[in-house]
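Subject: Structure handover, salt bridges

Hello,

Please find the structure below. My notes on its salt bridges follow.

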Amino acid sequence: MSDTVRAQYEAYPYPSRDPAEEKRRLVTGSPSRLDEVNHYLFQGRRDFARPFRALVAGGGTGDAAIMLAQQLADAGDGGRVTYLDLSRQARSIAAARAEARGLTNIDFLTGSLLETAQIAPGPYDYIDCCGVLHHLSEPEAGLRALESVLAAEGGMGIMVYGTYGRAGVYPLQAMLRQLGEGLPLPERIGQARRLLAALPRSNAFARNPFLGDHERGDAELVDLLLHSQDRSYSVPELLELIAASDLELASFIEPARYDPATYLRDRQLLARLEDLSREDRAAFAERLAGNIKAHVVYLSRRQGSVAEPEDAAIPLLVEMEGARLAEALGRELVFKGSFDKLPVAFPLPPRAPAILRLIGGQRSIAEIRSALQAQDSRYSDAAFAKDFAAVYRVFNGVNRLLLRLPV
């Protein structure tokens with residue numbers, strides 16, 4: 001990265017974080033929840049109490065490193081996280097957050113991810129790289145640098161900006177470069193706020209309801225609108241980036257965002273899309289939704305890294321309780337949510353509430369089936385398989401239902 005980028009993150013560490021808040025909350029998200037990592041990269045079979053090495057490349061103020069380290073500490077004493085970032089100021093905030101939590105399983109390093117092989121050679125079972133590759137002059141080189149320290153059976157979780165959901169960002173960045181040429185960054189921040197207040201309603205950024213990070217603070221405004229090196233990706237462009245490596249796309253997150261059926265109900269139109277590849281359907285869905293501002297994907301060294309429903313698999317809900325979810329569904333049998341302010345609704349089969357009540361991270365799929373058949377002997381294996389597949393498709397689609405295998 002350029003000296004300008006380094007200076008930006010020294011002056012405005014991103015994202016804004018207060019170590020004192022660690023006493024009140026753990027910042028979580030995708031990628032890098034351990035249940036997700038297990039589901040998408042290790043077929044649900046990884047025991048995180050065993051030795052596990054993770055790298056957070058471009059760790060910023062520490063969200064991913066702290067989340068991973070806390071989860072690994074909770075799982076046992078087998079996991080360790082390496083944090084790497086070019087900003088010493090961001091590193092100091094991340095280290096203070098770790099200290100506030102009493103975490104001792106993070107190694108803090110300063111440097112560019114392009115030099116990972118020299119600074120932090122690994123190998124790593126898992127690599128998190130969020131919001132970094134799109135700031136490199138050669139993102140492909142960055143991805144290859146990370147791949148070079150990835151273990152033979154390992155995988156990655158990455159995030160890059162999405163083009164359609166960032167509508168208006170790049171014309172606004174260009175205007176702010178014109179206005180702020182030669183001025184110090186604090187003055188350019190003031191200019192940006194004045195220009196934002198003066199944007200006509202016809203401006204693409206003013207009409208984009210999906211972007212609001214710049215309203216949280218100066219660091220967020222700088223990262224969004226005053227960055228000196230920034231690009232975004234459509235799905236086809238992201239797939240090209242991945243193709244420059246030897247990695248396989250395990251999954252988009254959330255999968256339902258990248259399914260045209262999430263947004264369309266017209267059967268004739270959907271029929272025309274049935275035979276498309278997963279990648280082509282994802283590209284169509286991205287254009288259709290128009291609000292994907294960031295792509296989160298899991299990448300694996302090998303094909304077939306994603307857990308699949310089978311009798312021994314144990315389904316678990318993420319940040320949801322099955323009983324409460326079943327109660328919330330009521331008689332309507334429709335799960336309602338939103339993707340960046342876009343309402344979405346997913347119909348469910350009549351048995352969905354009964355299935356959800358039995359999902360708690362302990363029972364296997366076979367045990368759930370047996371429990372339901374004990375209540376109704378007429379409930380066949382085939383009927384259960386169809387119902388469970390529908391429940392799984394909906395809640396895995398919104399990244400709230402994952403699988404693990406006994407270890």
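A salt bridge here is a side-chain nitrogen of Lys or Arg within 4 Å of a carboxyl oxygen of Asp or Glu. By this rule the count comes to 28 salt bridges. The model is predicted, so local features need pLDDT of at least 70 and side-chain atom pairs count only at pLDDT 80 or more, while totals for chains, interfaces and linings use all residues. Residues are numbered from 1 along each chain as its sequence is written, and side-chain values use heavy atoms, with hydrogens and water left out.

Helices (H or I, at least four residues) and strands (E, at least two) are DSSP runs, numbered from the N terminus. Buried means under 20% relative accessible area, exposed over 50%, and partly exposed in between (1.4 Å probe, protein chains only).

R97 and E22 form a salt bridge, with 2.7 Å between the closest N and O atoms. R97 is in helix α4 (residues 88-101) and E22 in the loop between α1 (3-11) and α2 (34-41), 75 residues apart. R97 is buried at 1% relative accessibility, and E22 is buried at 8%. Both belong to a network of salt bridges that links R17, E22, D63, R97 and R101.

R193 and D218 also form a salt bridge, at 3.0 Å from N to O. Because R193 lies in helix α8 (residues 185-198) and D218 in helix α9 (residues 218-225), the pair ties together parts 25 residues apart in sequence. R193 is partly exposed at 34%, as is D218 at 36%.

E319 pairs with R400 in a salt bridge, the closest N and O atoms being 3.9 Å apart. E319 is exposed at 55% relative accessibility, whereas R400 is partly exposed at 21%.

Regards
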